[in-house]
Amino acid sequence: MIQLDPRTRIMAGCFSAVAGFVDVIGFLMTGGFFVSFMSGNSTRLGVGLEEGSRAAVVAGGLILTFVLGVIVGASVGRLARAHKEPATLALVTALLTLALVLHWLGLDILAAIPLALAMGAQNTVFAEDGEVRVGLTYMTGTLVKLGKRITVALWGGERLGWVPYLLLWLGLLAGSVLGAAGFAQFGANALIAPVLAMLALTGVSAAGSRG
């Protein structure tokens, strides 16, 4: 994150905000399961397995779906080559749109599937050589890096190296707040907001790749 150029840092913050927004919508639609935060679903899977409850099926299904989204996103990126970023973002936009359409059809329980696929795919946007440079939906690692960079600054190292990680976390937090407010007002129709945001970000990315 710290080696990324300013444009990529801004895009990463925007993607993180979208992820926070979408995760809140998914959480509220499914009654307490996540579409981007797989650590939380892993915990719910463990509890569900111990209890022998339906929660294990839902949590496990979302985890598998998220991983499938990563595979699909990474595959699209490989096929698109030089246009990897806009192609992956277009995929994410299409999946979010599909979730919205499923909601309009009254199939909210199925809408969580494209949401989880989209969040998995989104995490491949900044991947290189099979490694993710920026984790857009899992903040534990970001907060660990934030703490480490603050420690470096306190001991006389780079003074502002922690700022990009703080901004990434704040992006997710801001998206979560907006997602909760949107769901309270409009229900799952609030997904229109991240769809429009991703359309705009895809356009910005496509313009940049042409340049």
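Residues are called buried when their relative accessible area is under 20%, exposed when it is over 50%, and partly exposed in between (1.4 Å probe, protein chains only). The structure is a predicted model, in which local features need pLDDT of at least 70 and side-chain atom pairs count only at pLDDT 80 or more, while totals for chains, interfaces and linings use all residues. Residues are numbered from 1 along each chain as its sequence is written, and side-chain values use heavy atoms, with hydrogens and water left out. Helices (H or I, at least four residues) are DSSP runs numbered from the N terminus.

Helix H3 is considered first. The buried residues of H3 are Ala 55, Ala 56, Val 58, Ala 59, Gly 60, Leu 62, Ile 63, Thr 65, Phe 66, Gly 69, Gly 73 and Gly 77. These buried residues pack against helix H2 (38-51), H4 and H5, where contact means heavy atoms within 4.5 Å. The expected span of a helix is taken as 1.5 Å times one less than its number of residues. For the 27 residues of H3 this gives 39 Å, in agreement with the 39 Å between its end C-alpha atoms. After H3 comes Arg 81, placed in the loop between H3 and H4. Phi of Arg 81 is near 55°, a positive value in a residue other than glycine. In general, most residues other than glycine have a negative phi. Arg 81 counts as exposed because its relative accessibility is 70%.

Helix H1 has 25 residues and reaches 36 Å from its first C-alpha to its last, close to the 36 Å expected. H1 is followed by Gly 31, whose phi is also positive, near 75°. Within H1 lies Ser 16, which counts as buried because its relative accessibility is 0%. Leaving aside neighbours within four places in sequence, Ser 16 is in contact with Leu 136, Met 139, Leu 168, Gly 171 and Leu 172.

A salt bridge is defined as a side-chain nitrogen of Lys or Arg within 4 Å of a carboxyl oxygen of Asp or Glu. The count by this rule is one salt bridge. It is formed by the side chains of Arg 7 and Glu 85, at 2.8 Å from N to O. Arg 7 lies in helix H1 and Glu 85 in helix H4, so the pair ties together parts that are 78 residues apart in sequence. Arg 7 is partly exposed, with a relative accessible area of 34%, whereas Glu 85 counts as buried at 15% relative accessibility.

A nonpolar core is a set of buried Ala, Val, Leu, Ile, Met, Phe, Trp, Tyr and Cys residues joined through side-chain atoms within 4.5 Å. The largest such core has 46 residues, and those with the most contacts inside it are Phe 15, Leu 96, Leu 115, Met 119 and Met 198. Two or more residues are given to this core by each of helix H1 (6-30), helix H3 (54-80), H4, H5, helix H7 (163-186) and H8. H1 gives the most, with nine residues.

Helix H5 has 15 residues and reaches 21 Å from its first C-alpha to its last, close to the 21 Å expected. H5 is mostly covered, with 11 of its 15 residues buried; among them are Pro 114, Leu 115, Met 119 and Gln 122. Met 119 of H5 counts as buried because its relative accessibility is 0%. Not counting residues up to four places away in sequence, Met 119 touches Ala 19, Val 22, Val 35, Ser 36, Phe 66, Leu 96 and Thr 137. The C-alpha atoms of Met 119 and Lys 84, 35 residues apart along the chain, are separated by 16 Å.

Patches are made of residues with over 30% relative accessible area and no salt bridge; like charges are joined within 9 Å, and nonpolar side chains (Val, Leu, Ile, Met, Phe, Trp, Tyr) within 5 Å. Accessible areas come from the Shrake-Rupley method with a 1.4 Å probe, and for residues only the protein chains shown count as cover. A nonpolar surface patch of about 940 Å² is made by Val 101, Trp 104, Leu 105, Leu 107, Ile 109, Leu 110, Ile 113, Ile 192, Leu 196 and Leu 199. Helix H4 (84-104), helix H5 (108-122) and helix H8 (192-210) each give two or more residues to the patch. Ile 192 is found in helix H8 and counts as partly exposed, at 35% relative accessibility.
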